[in-house]
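Here is a friendly briefing to read alongside the structure. Have the viewer open, and follow the topics in order.

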Amino acid sequence: MKKASEAVVKKYQRYVMDNYVRTPLVITKGKGSRVWDAEGKQYLDLFPGWGVSGLGHGHRWVMRALRGQSMRLAHVANNYYHPTQAKAAEALIKHSFEGKVFFCNSGAEAVETAIKIARKWGKGRHEIIVMDRAFHGRTMGALSATQAKYQEGFEPVVPGFVRVPFGDLAAVKAALTPNTVAVLTEPIQGEGGINVPEKSFLTGLRKLCDDKNLLLMFDEVQTGMGRTGEWFAFQHFGVTPDVMMLAKALGGGFPVGAVVAGDKVAAVLTPGTHATTFGGSGLASACVLAVIEAIEKEKLLARVKLSSGRAFRRLEKLKAESSIIREVRGVGFMIGIDLSVDGRPIVEAARQRGLLVNCTQGRVIRMLPALTITRVELDRAITILSDVIKEHAETRQSAKR
Ligand SMILES: Cc1ncc(COP(=O)(O)O)c(C=O)c1O
């Protein structure tokens with residue numbers, strides 16, 4: 001590591017809490033799907049901001065909205081009205097389903113809100129069925145809905161969450177009790193390894209929730225805002241939830257979360273029952289609007305569908321040629337390569353060659369490219385990754401010989 005980067009790392013070691021596994025890379029600049037380190041080396045970023053920079057780094061419409069709004073008014077407290085939040089809510093409803101929006105600041109906060117909505121709506125029923133390998137965030141309520149390994153050391157968790165295998169409708173039915181009020185799931189699991197369920201699982205959940213008077217709550221924090229080639233993953237499966245959580249790419253880099261709920265469900269949050277100081281600020285709302293406009297006007301959903309088809313075809317071919325790929329999974333720009341070996345050396349080797357990707361669950365290479373990535377950039381990224389995977393497989397083979 002060079003001097004400029006070393007100085008930054010040293011300050012982190014001295015002053016920043018050590019709760020992240022950090023790659024030794026100091027990023028100082030970003031544009032689109034590219035970032036630069038402190039020494040000026042350029043990288044292709046196929047996991048921009050853990051999915052936050054869904055339009056790529058520094059998208060010009062988001063930057064323009066941020067600049068414009070910051071000159072007028074950064075924040076309005078939620079006991080007043082302001083036009084930008086109204087427009088952002090209208091735009092979200094237009095693209096999702098009939099209902100109302102609550103703005104907050106993060107994915108976990110959106111999940112907390114959904115849990116509170118379910119409990120209030122249930123009038124005494126309080127159990128929420130959640131999934132194995134789910135990830136919903138790190139605050140206590142969201143953590144309690146998340147897979148058990150993230151809860152270690154933080155027990156006791158919040159009671160009332162019943163966990164079943166993802167994709168197993170019979171298990172959901174078997175978990176029902178008179179206290180059940182909702183089913184909470186990601187429509188496609190992200191952190192859990194890019195797990196795409198059968199459509200029948202989600203349609204089955206919808207029917208079950210209708211029959212038993214339960215809320216169907218989709219955590220679209222990772223899958224939402226065009227990630228799958230539709231505005232939201234629920235549209236991909238044709239299954240509309242009662243409650244949907246959003247964050248990550250919602251603000252194009254600006255921290256903002258949201259919950260969308262059907263009118264009757266949203267009505268349980270009466271004045272005084274829930275709040276957040278920063279939620280839906282002028283700046284956040286302006287960024288949400290800019291993101292939605294960019295997805296519409298730049299026809300990014302069509303672009304995702306087209307480019308991802310090509311990417312998946314190339315990755316399937318790579319799988320056929322490689323002994324260490326078990327499965328290629330995903331939809332749109334949510335891409336997972338399930339390996340039979342530890343994925344971390346591959347992430348590191350890719351980084352050495354100027355490509356940033358992620359590894360989840362120890363052996364699933366995860367990519368969440370920006371919706372704006374060019375065909376050339378995506379092709380280049382897949383070429384680098386293919387080379388790295390092939391070389392890694394060959395090295396393992398020769399070590400065995
Ligand atoms: C599906 C899902 N829900 C919730 C969260 C938590 O979001 P945040 O980190 O903004 O609290 C995440 C974060 O990765 C996520 O992927």
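Predicted model: local features only at pLDDT ≥ 70, side-chain atom pairs only at ≥ 80, totals over all residues.

- Helix α3 spans residues 83-95 and helix α10 spans residues 282-297; the two pack with their axes 8 Å apart, at an angle of about 35°.
- The crossing of α3 past α10 is left-handed.
- On the α3 side, the contact is made by T84, Q85, K87, A88, A91 and H95. Their counterparts in α10 are G282, S285, A286, V288, L289 and I292.
- Sorted by class, this contact of α3 with α10 holds six nonpolar residues, five polar ones and one charged one.

**The sheet**

- Seven strands make up an open sheet with mixed pairing, and their order is β4-β10-β9-β8-β7-β5-β6.
- The edges are taken by β4 (100-104) and β6 (161-164); each has a single partner strand, so one side of each is left without a neighbour in the sheet.
- On average, and ignoring direction, neighbouring strands here are turned by 20° against each other.

**A closer look at β5 and β7**

- Strand β5 (residues 127-131) pairs with strand β7 (residues 180-185) in the parallel sense, over three bridges.
- Within this pairing, I128 stands opposite A182 in β7.

**The helix on the sheet**

- Helix α4 (residues 107-122) packs on the sheet, where it touches β4, β5, β7, β8 (215-219), β9 (243-246) and β10 (257-261).
- The direction of α4 makes about 30° with that of β10.

Note on methods. Residues numbered from 1 in each chain as written. Axes fitted to C-alpha atoms, helices over the stretch in contact; angles between N-to-C directions. Helix = DSSP H or I, 4+ residues; strand = E, 2+ residues; numbered from the N terminus. Left-handed = near helix turned anticlockwise from the far one by under 90°. Contact = placed C-beta atoms within 7 Å. Nonpolar A, V, L, I, M, F, W, Y, C, P; charged D, E, K, R; others polar. Pairing = 2+ DSSP bridges.
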